[in-house]
Amino acid sequence: MAAPRSVSAAFQEYLQHLGLQDFPCGLGSWNKSRLNARRSTRAQPLGLEEAVPPGEETPEVLLELLRDKHSPWALPPDCSPQAQHLREVVVLAPELLRGSRVFQLIKSLRILDQGVEEVDEGVLQFQQLEELVLSANHISRVTSAHLPRTLKLLELCYNAVGDLQDLCARPPPQLQHLGLGYNRLCGPSQEKHLTVDFWPNLVSLDLSFNSLTDLLGLVSQLSTLQSLRILVLQGNPLALIPTYRGFLVDSLPKLSILDDIYIWPEERQQFHGLARQPELIRSEARVVVSIGEMKGLPNPEAFQQLEAGSEGPVITYSYCVTYQFAEGEELEDRGSPEGTEIHQSPTVATLDVDISAQDTGETKSHQESAATEEPKAHSAKVFATPAQPWADTIDCSYRKEHIAKDLVGLKSYLEAGTIVSVVEEKVLSWPVDPEEDAVTSKKEGQELKKNGAKDKQKKKKKKKSCEFRSDPPIWSTLGTMRVTLETLLATENLVATVCDFGILIPEKPPEASVLEEKEKEKTKTLLKWRRIKSSSRCH
């Protein structure tokens, strides 16, 4: 089994990429005289310059070869200024390449997306290191004993860190920024490591997009960090709690920036006293879904070409909009606001998702349909607007408030986005077969002789009401698109989207041969789901 890829191994590859051992850097025939015969400690007489032996180059010429962007020895434009500086230092002092002296030159080390899995003991060779950036690697644990004590910035975002215990065993005492965004931190066991006992000088802390859920417990630990001025917690399930920002602003009075937004005095005054009311902190989030108008549906009558007097069915159509929402939430229905008019030629519907809504309005029930899409990884349920008949503009006026207590599940749902569909319900009503009607009448006559005139009147009424027999509804998905909701995990409170489903073509009515076959199989239920390729556009 191969050993985990370490920071030291990645750094050695980095040095090879810079070509520090090759011309015009490194040690070779182009500068051997400067190495074999060190400069005299006596000052050179004014006006005299040291002669350069044949076949060698002056440091100035070598530096020009590195700096000229047209030179074959120039670094690519996307290389960091630190890389260029290191090459120039080695040209001026090539003896630094001997042993581990080159490590003494490094104050800032950035190793991004190099598959690093381990912060090894070799990192201690960087005795002057102040900034260590290891973002977008595969690091799951960090041993603090392998970190230089001089470190002031440690960035580990986009890794797989799930436990802070090893990092906090002996952390760098002068650390001012700790970046742990987009990792796997979860549970209250991690919060105990975020105190002044471990980070006495911490000014900036990034814990964004983890799975932290205990807002009260986390704030009690962060309040001990007297130097903390910048905090990022967005993307965690706890950030979905309605009173999240106000509670943090009032609980951490020295904080200046929360989730990349400056805290102004007016905002601090607005939430004054909220920290003394922890009973208002409920581990739940509220999401309101509003669907306005739907326009551009093709008129189904234009596609019906049955001749007059045909024995075909009477077809009725109705339409609704469906969307997915995270499973396992408590639901409340609210009143329906006025829909926003949308001027589009293809079929469109509006979908608003508001995560900061409060509990207002009277309860009003809405229809919930069976799932029209397979559940995704976040285990979603499907909800629908009430079905309505065709019109040029169908005003859904739909609003539903979802109360989610599973904040981790809600986060997964928002990361994945939701599926919005336009669904058509078609019901075929068939006239009763006359022969079947005659047989039925004969049987009724025999029964009427036994049951009397009163029952006869009831049978006549029943016969009149059974002129048509309706089949089970046929549901067809006319258009589908995915709506991105991930911005609700950051600083946005509202996602307003126009769902453009493109041009929708409904099914043609059944042909005559199909009608005959239908007569033979009246009792079968027809369920046909069809997706039509369409474009999508969000505003």
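A crossing of two helices is called left-handed if the near helix is turned anticlockwise from the far one by less than a right angle, and right-handed if clockwise. Helix α5 passes α6 in a right-handed crossing. Here helices (H or I, at least four residues) and strands (E, at least two) are DSSP runs, numbered from the N terminus. The model is a predicted one, so to speak of local features takes a pLDDT of at least 70, and side-chain atom pairs count only at pLDDT 80 or more, while totals for chains, interfaces and linings use all residues. Residues are numbered from 1 along each chain as its sequence is written, and side-chain values use heavy atoms, with hydrogens and water left out.

First, the chain as a whole. Its secondary structure comes to 11 helices and 18 strands. Of the 539 residues, 45% count as buried, where buried means under 20% relative accessible area, exposed over 50% and partly exposed in between (1.4 Å probe, protein chains only). As for contacts (heavy atoms within 4.5 Å), take those with a separation of 6 or more: residues 24 or more positions apart account for 75% of them.

Back to the α5 and α6 pair. The axes of α5 (residues 215–222) and α6 (residues 244–251) come within 11 Å and cross at roughly 20 degrees. Axes are lines fitted to C-alpha atoms, for helices over the stretch in contact, and angles run from 0 to 180 degrees between N-to-C directions. That crossing angle makes α5 roughly parallel to α6, given that angles under 35 degrees count as roughly parallel, over 145 as roughly antiparallel, 65 to 115 as roughly perpendicular and the rest as oblique. On the α5 side, Leu215, Leu216 and Val219 make the contact, and on the α6 side Tyr244, Phe247, Leu248 and Ser251 do. Sorted by class, this contact has six nonpolar, one polar and no charged residues. For the classes, Ala, Val, Leu, Ile, Met, Phe, Trp, Tyr, Cys and Pro count as nonpolar, Asp, Glu, Lys and Arg as charged, and the others, Gly among them, as polar. Helix α6 is mostly covered, with eight of its eight residues buried. Among the buried residues of α6 are Arg245 and Asp250. Besides α5, the buried residues of α6 pack against β6 (230–232), β7 (257–258), β8 (261–262) and α7 (265–270).

Another helix pair is α1 (residues 7–18) with α4 (residues 81–92), whose axes come within 11 Å and cross at roughly 70 degrees. That makes α1 roughly perpendicular to α4. The crossing of α1 past α4 is right-handed. Tyr14, Leu15 and Leu18 of α1 meet Ala83, Leu86 and Arg87 of α4 here. The residues of this contact divide into five nonpolar, no polar and one charged.

Next come the rings. A pair of aromatic rings is described by the distance of the centres and the angle of the planes. Rings of Phe, Tyr and Trp (its six-membered ring) pair if their centres lie within 6.5 Å, and planes under 30 degrees apart count as stacked, over 60 as edge-to-face and the rest as tilted. The structure holds 11 such aromatic pairs. One of them, Phe11 with Tyr14, is tilted, at 6.0 Å centre to centre and 35 degrees between the planes. Both residues lie in α1, three residues apart, which is about one turn of the helix. Phe11 is buried at 0% relative accessibility, whereas Tyr14 is partly exposed at 27%. The pair Tyr158 and Tyr182 is stacked, with 4.2 Å centre to centre and 10 degrees between the planes. This pair links distant parts of the chain, 24 residues apart: Tyr158 sits in the loop between β3 (153–155) and β4 (177–179), and Tyr182 in the loop between β4 and β5 (204–206). Tyr158 is partly exposed, with a relative accessible area of 46%, and so is Tyr182, at 30%. Ring pairs also link Phe11, Tyr14, Phe103 and Phe126 into a cluster.

His146, in the loop between β2 (131–133) and β3, is buried at a relative accessible area of 19%. Neighbours within four places in sequence aside, His146 touches Val119, Asp120, Glu121, Val123 and Leu124. Thr487 lies in the loop between β17 (474–483) and β18 (494–500) and is partly exposed, at 39%. Thr487 and Glu415 are 72 residues apart in sequence and 8.6 Å apart in space, C-alpha to C-alpha.
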